[in-house]
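Please keep the sequence and the coordinates at hand while reading.

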Amino acid sequence: MRTPDFLNRLDALSVGTSQRPLAQRIWVAIAMVAVATTIRCALNPLLGNSFPWLLFYPTVLLSAWYGRLLAGLIATLLSIAITLFLWIEPIYSFRIQSVAEWVSVLTFAAMSLLISVLAESSHRATAAEQAQRREREAERRFFESALASITDAVMVVNKDWRCIYMNDVAATMGRKPRQEMMGQILWDIFPFLREDEFYRQVSRSREERIPVRFEYYHAPFDTWTEVRAYPMGESTAIYGMDISERKKIEADLRVTQQKLAEHASSLERLVAERTQKLQDTVAELERFSYTISHDLRAPLRALESFSRFVAEDYHDKLDAQGHDYLERIRGAARRMDALINDVLIFSQTSRSEIQLRPIELDRLTHDIVSQYSSLRESAAHIEIQSPLRPVLGNETLLTQIISNLLSNAVKFVKPGQTPAVKIWTETRDSNVLLFVRDHGIGVSLKHQGKMFGMFERANEGVYEGTGIGLAIVKRAVERMNGTVSFESASGEGSTFRVELPQP
Amino acid sequence: MNEELPILIAEDDENDALILQRALRKVGFNNPFHISPTGTDAIRYLQGEGPYADRERYRFPRILFTDLKMPEMDGFELLHWLRSNPQCSIIPTLVLSASQLDSDITRAYKLGANSYLVKPSDFDQLVSILRLVFDYWQMCQKPKVPSKC
């Protein structure tokens, strides 16, 4: 059955949260009036027309109690109508004849209205209180479930250190049923907490009424806990988070960092040691070079000079063979000296610190040709196809390269032949190719593979030389990040090609 | 050229000393020679000490040739000593060494050497170098030397 709209609105006016359906409340009011009417009719032989409202007061009271203001009003109106019709003179009419009757009706109406209003306000107070209680309850449940669901331990202790709240995690830590632990003194549940840092810190929080935070290590379980204590009125909230994992990682990290630092410092030490060793080696090499140049060459100078003095001073007393022997001594000494010199140059070429810068190859080559006595003396025809392209290199090394290649080129010719050498450059990509071509004796195929090795001499005994010149050339070119190669055929001369970067 | 004044040669290698003397004679130095086998001996000679007290016999030298590597006191120490004894440093000093190390050359000049010559292994080369020295020395004005310092 559909409830009339105005009743709904009237009801909404009175109650915020109606628990009973509106229609039910109206029907209950009507039914109660009907019951009261029936009982009153049954009492008619006993009472007559006296006490007409007798049963309708409780009816309104009960209706208002059950259905609040609306039901009270409906019961009141129905009661007045029925009483007027059945028990107030004239019977079977709604007319009111006397002032006494008016007083009677209005008194009932006023009392009933009062009852209904009181019922309504009482109901509202109860409803509001209930709502508030429900809200509080919901809130409590929410926080409790929130605290219960987090994985950290939460406890609240009162001023006597008695436990008034603990969440599941805290209960698990206590290892007893929660109900048993609630209300117990904290130190009875966790005796070990009393002995150390924990007690001091939490006491400080309580005494100074400040939040504290500390990390707590419990040796028996090998666990680390980050504890926070907050003053909460007379009580204290204690919050514990298991940070063992984090601590373990931190410790591991520290160990790793320490290992790394140790490793780094040992590496540094090693590098320093090696550097020192290397410096020592270099210094030793320096001393070695000095010894070679100074000490080993002194006897050679003596050999060369004194054999010469003998030849000069005792010229007449020696026969041709004597002079030949002396000449051989001098030749051997000179050769030994040249060897020592070339070995020194080779070692200097290998280890001296070099800087690469643009070099005017054209000027350098001309200088070398005009300055080197062995080139001048050979009366060679040296053709330089100027301008030679500049290269990125080192002047000392380039001087070694060019002078060695040139002296080879003018040296290895058939006896009686005038040496002819041609020098030119070409560019290829970002490199410069320097060519030195001679028309000398060339190199036979079987010697070509060893040409750049130390002490390799393709023409042993025929031509003077130490066999180090091309090794110096190769090393010098390599030090400047270049390459050297050659083409040759026996009897047809050789062409050396040095490839170096452009500046 | 003051032919009277000797040339002091600080050289521990007897052979090198003999070769040097012969080369010097060959290019025209007619001075007497004194060979000091150590730097210490050269200093004593310059100061006219001990056996060199007789300044008539051991006259203050006109020029000094010194090797670098010598026992007791080497060429560098001799140069250093000369430098810290200005009255002696009047003597022109030529280093004649087998070393071609840049460090040696630089150090010798820094210590006040007037020339640095590398001992060639070939006698002819030595002669041609010394000939240049002789010609140059001929042209130079010579300082007055003390009898000792």
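**Pocket, interface and cavity**

The second largest pocket holds about 520 Å³ of space. A pocket here is an open set of points on a 1 Å grid over the protein atoms alone, with protein on both sides within 12 Å along at least five of seven lines, whereas a cavity is a set of points where a 1.4 Å probe fits but cannot get out; lining residues have an atom within 4 Å of a point. Grid points are joined across faces, edges and corners, and a volume is the space filled by probe spheres set on the points. The model is predicted: local features need pLDDT of at least 70, side-chain atom pairs count only at pLDDT 80 or more, and totals for chains, interfaces and linings use all residues. Residues are numbered from 1 along each chain as its sequence is written, chains are lettered from A and ligands numbered from 1 in the order in which they are written, and side-chain values use heavy atoms, with hydrogens and water left out.

The second largest pocket is lined by 27 residues, and those closest to its centre are A153(A), M173(A), F190(A), F192(A) and T225(A). Two or more lining residues come from each of β1 (153-157), α6 (168-174), β3 (212-218), β4 (223-232) and β5 (235-242) of chain A; helices (H or I, at least four residues) and strands (E, at least two) are DSSP runs, numbered from the N terminus. By class, the lining of this pocket comprises 17 nonpolar, seven polar and three charged residues. In this division Ala, Val, Leu, Ile, Met, Phe, Trp, Tyr, Cys and Pro count as nonpolar, Asp, Glu, Lys and Arg as charged, and the others, Gly among them, as polar.

R246(A) pairs with E215(A), their closest N and O atoms being 3.0 Å apart. Over all chains, the structure has 36 salt bridges.

Attention now turns to the chain contact. Chain A contributes 19 residues and chain B 22 residues, contact meaning heavy atoms within 4.5 Å. The two chains bury about 1,800 Å² between them, 48% of it on carbon and sulfur atoms; buried area is the accessible area (1.4 Å probe) that two parts lose on being put together, summed over both. Five salt bridges are counted between chain A and chain B. In the one between R22(B) and D313(A), the closest N and O atoms are 2.6 Å apart. On the side of chain A that touches chain B, α10 and α11 (320-351) each supply at least two residues, and α10(A) gives the most, with 16 residues. That side has five nonpolar, four polar and 10 charged residues.

Two cavities of 30 Å³ or more are found in the whole structure.

A cis peptide bond, with omega about -5°, joins E89(A) and P90(A); P90(A) lies in the loop between α4 (56-86) and α5 (99-149).

Note on methods: A salt bridge is a side-chain nitrogen of Lys or Arg within 4 Å of a carboxyl oxygen of Asp or Glu.
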